[in-house]
Amino acid sequence: MQKNIFIILIAILFMSCNQTTTAQSQVKTTEDGGLGKTKVSDVADIMNFLASDELGGRDTGSEGLEKAAQFIEGEFKKYGIAPYFDTYRNTFDVKGTATYNMVGYLKGTDATLSNEFIILGAHFDHIGTGKEVNGDTIANGANDNAAGSSAVISLAKQFAQLKNNKRSILFVLFGAEERGLLGSAHLAEVLKEKNINLYTMVNFEMIGVPLNDKSYKAYITGFEMSNMAQKINDYAGSELIGYLAKAKEFQLFRRSDNYPFYEQFKVPCQTISTFDFTNYDYYHHVDDEVSEMNFEFMAELINNCVPVIEKMANTTDKEIKLN
């Protein structure tokens, strides 16, 4: 009898140790960016493809842009993100050249709130080539804007896994931004004609390197136009977003893909960026390469945005409002 009791105690002790080890392993995996988080290697993989020489700078109408589009389609399909239209491509014309926005759709889980939409966007085109430097003419567009594109693709993956968004989310990679915000202008018009109930639009632009000497991690354009920055920080539980005077001085609110949606819908539509005019020298330059990017920072910023977007997608009321 005593022998049997001893065997049972040993078995219980073994099971307890095993469960503790498993729990510790899960915690470590999460901290390392595994369970439910974007890993540094995930960001690197996306960036290394989108900003590669193979894609030739992703100019409108180019073979490189087509390769980028096929890559985005593959990522959306892999994660279970549906096309919003008949296909993932929202096609439009640029002076006789056909090009496209890439639009993925994650339907909301709530019968009522699923009729309200959040758009997460970034442009995936670039300028193709630039002034030659040391024999290189390919303007790879790593920071501008493979970086923002990597955020949208990574967030699509995370929310497809979470499946906890009551509101519907569109994950959009815009074409022809470099031709004058043409892709976002086209899609905003199409969605306005469809009369979708747009709650808010968050755009990601040039997030590849950290800000210089700021207490916050990123800034938002049109800071004073809505309470978005305040609500983002409330949802994040930290000072994630701040005010950058240069953004207002250079009217950046009007110079990225958030603006056509603001014009059409008159709801908070703003851009998150970390380019502060002092921290990156290679705007529209052939040296805008992946070697200049800080993947650790990018992964951290993307992961910081997840609980923020979760709250946006799940609050009973539309808490983000124009001032």
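In which loop is asparagine 134 found? The legends below answer this and describe further close-up views of what is a predicted model.

**View 1. Asparagine 134, a residue other than glycine with a positive phi.** Asparagine 134 sits in the loop between strand S5 (129-133) and strand S6 (136-138), and its phi is near 50°. Because its relative accessibility is 82%, and exposed means over 50%, asparagine 134 counts as exposed.

**View 2. Lysine 266, in the loop between helix H8 (259-265) and strand S11 (269-273).** Although lysine 266 is not a glycine, its phi is positive, at about 55°. The relative accessibility of lysine 266 is 48%, so this residue counts as partly exposed.

**View 3. The cis peptide bond between aspartate 144 and asparagine 145.** The omega angle of the bond that joins these two residues is about 5°, and asparagine 145 lies in helix H4, which comprises residues 142-162.

**View 4. The packing of helix H2 (residues 40-50) and helix H9 (residues 295-314).** The two helices pack at an angle of about 110°, and their axes are 8 Å apart. Because angles of 65 to 115 degrees count as roughly perpendicular, H2 is roughly perpendicular to H9. The crossing of H2 and H9 is right-handed. On the side of H2, the contact is made by Val40, Val43, Ala44 and Met47, while H9 contributes Phe295, Glu296, Met298, Ala299 and Ile302. Of the residues in this contact of H2 with H9, eight are nonpolar, none is polar and one is charged.

Conventions. Residues numbered from 1 in each chain as written. Predicted model: local features only at pLDDT ≥ 70, side-chain atom pairs only at ≥ 80, totals over all residues. Heavy atoms only, no water. Axes fitted to C-alpha atoms, helices over the stretch in contact; angles between N-to-C directions. Helix = DSSP H or I, 4+ residues; strand = E, 2+ residues; numbered from the N terminus. Parallel < 35°, antiparallel > 145°, perpendicular 65-115°, else oblique. Left-handed = near helix turned anticlockwise from the far one by under 90°. Contact = heavy atoms within 4.5 Å. Nonpolar A, V, L, I, M, F, W, Y, C, P; charged D, E, K, R; others polar. Buried < 20%, exposed > 50% of the residue type's maximum accessible area, 1.4 Å probe, protein only.
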